[in-house]
Amino acid sequence: MRLTSLGHAAVLVETGTERILFDPWLTQRLDRFWEHHPPLPDGLVRQVLDEGVDYVVLSHHHYDHHHFPSLLRLVDGADVDFDDSPRQSSGVTCVYPAGPVPPQLTASGLGHQAIAWTLRRFGFERLHPVTPGDTVTLGGATLRTFPSAVSFPEMSVLVETADAAVMLCGDALLHEATVAAFQRDDAPRLDAVFVPAHSVSPPGVLTERRPLTDPDAVRARAVANFDRYVGTLPATVTVPSSFGWRVSGDGERDYSWCNRTMFPFTPTEALARLDELGRDGLLWGPGQVIEVADGKAVLTDGPVGPDAYDFDEVYAEVRLEPGTPVPPFDASLDRYGSQTRPAEELLREVLDRLVATDYWYRALDDGAGRHVVSLYEDGNEVAAGDGRGAGAGGETAFLLDPVAGRVTRLGPGPARSHVAGGEGWTEIAASTLEAMLGADLLFGSSFGLWASDGVLLSAVFHHPSFYTRHVDRALREGAGS
């Protein structure tokens, strides 16, 4: 078995009869804030995938594993019209987790139920949903899936051939069913296992810009999570994995502080921990190859050589430094785009789009849910609208009442200075809000980099209509390239 890293959790597995691509994120940038680290070498994706793939396996629905532009690159010659159903399908079979869990519109993405719809829109017709725990038999390999201890369908996958057994765990949290399976007398053998080194991160760094208060406890949880994985899966070689990215905004603002405040346990630290536990481990990066044979897993020659990366240097950039200051959100600086619509008009649209969200239903039940929003405005004539705009630019607060459907101007200044009765609050640039309403910005776990709070915005921008807009945009951009 031959495995080639394409960065983060993306791996091409060649069994001798099948080419299986796991969790494809194949572009250097994921979105406006996340990028591969270490970077993908130029031409690597084309070189590695030039012969195509037979199967795509998605461990779960999150964007860094179910990445729209990357999936579109795999539809070889498909004639896709974003207004209609695909007219030509790819020969690739897609394997992904499914289950009876109800959709959660305010979770990351639209939810796992949208995977099949998205894949069909992109031109894939050979779909193979599995319930984590199922086994899938291919021509020369078997995929044994294991559930993750999360609230949505997610899976680890054990790839078995006659002479090799490799388990890729993606982002999965260790499930009791997996523990039980490897405690049995007939437990599967493991030549190599790829264990997530980032499953436990400090809360609130990106979503609330909350400084880390107990770094030792956060690190201890991450190490304990890794130790439990290592103790459960007795592989010949363990590879700390699913850690191949960093925050790097594509504008002028420096967000490097994120990388020193949110990663409690890097792959180099995980490798040192393996040594302490008496277990063999190795690190690999984009373009490097691991060959598994005769019960051994070793780095070998590939597009990138075995000694190409200095991982101490690579992961030093994303090592936790508890004293790193977390800068407060500033809507005048942390912003995107240009404002062309009046503030009240933008906020009325926000209220309209709250209807039928979880937030809206809770507000109806409680008779409350009022929220203070302040918009930093560009100050141009269009933004001023009715003449009461911010003039040369400034921040104005408004009260949003989702029950009455009303927007009330409170006055100048940030939202937090106008909160009186325990209302939630959000601060954001009007230009950023306009870009989000126009579906020009993806809304994911890094929204705290361009909005000060996310409770209300999360309800709005995880609505299905925005998911479908991003799918349509990916199709348009894919057709244009």
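User: Is Arg416 buried, exposed or partly exposed, and how do I read that from its accessibility?

Analyst: Keep in mind that this is a predicted model. Buried means under 20% relative accessible area and exposed means over 50%, so anything in between is partly exposed. Arg416 has 43% relative accessibility and therefore counts as partly exposed.

User: Which residue does Arg416 meet in a salt bridge?

Analyst: The Arg416 side chain meets that of Glu427, at 2.6 Å from N to O. Arg416 lies in the loop between strand 19 (406–412) and strand 20 (424–429), while Glu427 is in strand 20, and the two are 11 residues apart. Glu427 is buried, because its relative accessible area is 2%.

User: How many salt bridges are there in total?

Analyst: The count comes to 28 salt bridges. One of them joins Glu160 to Arg144, with the closest N and O atoms 3.8 Å apart. This pair links distant parts of the chain: Glu160 sits in strand 10 and Arg144 in strand 9, 16 residues apart. With 26% relative accessibility, Arg144 is partly exposed.

User: What distance separates the closest N and O atoms of Asp334 and Arg253?

Analyst: That salt bridge has its closest N and O atoms 3.0 Å apart. Asp334 is buried at 0% relative accessible area, whereas Arg253 is partly exposed at 32%.

User: You mentioned strands 9 and 10. In which sense do they pair, parallel or antiparallel?

Analyst: Strand 9 and strand 10 (residues 155–160) pair in the antiparallel sense over six bridges. Strands 8 and 9 form a hairpin, with four residues between them.

User: Now for cysteines. How many disulfides does a search of the whole structure find?

Analyst: A disulfide is a covalent bond between the sulfur atoms of two cysteines. Here the search finds zero. As for individual cysteines, Cys94 is buried at 0% relative accessible area, and Cys258 is buried with 0% relative accessibility.

User: What should I look for in the backbone angles, and which peptide bond is cis?

Analyst: The bond from His37 to Pro38 is cis, with omega near 0°, and Pro38 is in the loop between strand 4 (34–36) and helix 1 (44–49). For phi, Asp23 is a residue other than glycine with a positive value, near 45°. Asp23 lies in the loop between strand 3 (19–22) and strand 4, and is buried at 3% relative accessible area. Ala356, not a glycine either, has a positive phi of about 75°. Ala356 is found in the loop between helix 9 (343–354) and helix 10, and is partly exposed at 35%.

User: Which residues make the nonpolar surface patch of about 270 Å²?

Analyst: Tyr361, Leu364 and Val403 make that patch. Leu364 lies in helix 10 (residues 358–366), and counts as partly exposed at 39% relative accessibility.

Notes. Residues numbered from 1 in each chain as written. Predicted model: local features only at pLDDT ≥ 70, side-chain atom pairs only at ≥ 80, totals over all residues. Heavy atoms only, no water. Pairing = 2+ DSSP bridges. Patch = residues over 30% accessible without salt bridge, like charges linked within 9 Å, V, L, I, M, F, W, Y side chains within 5 Å. Areas by Shrake-Rupley, 256 points an atom, 1.4 Å probe, with all protein chains shown as cover. Salt bridge = Lys/Arg side-chain N within 4 Å of Asp/Glu carboxyl O. Buried < 20%, exposed > 50% of the residue type's maximum accessible area, 1.4 Å probe, protein only. Disulfide = S-S within 2.5 Å.
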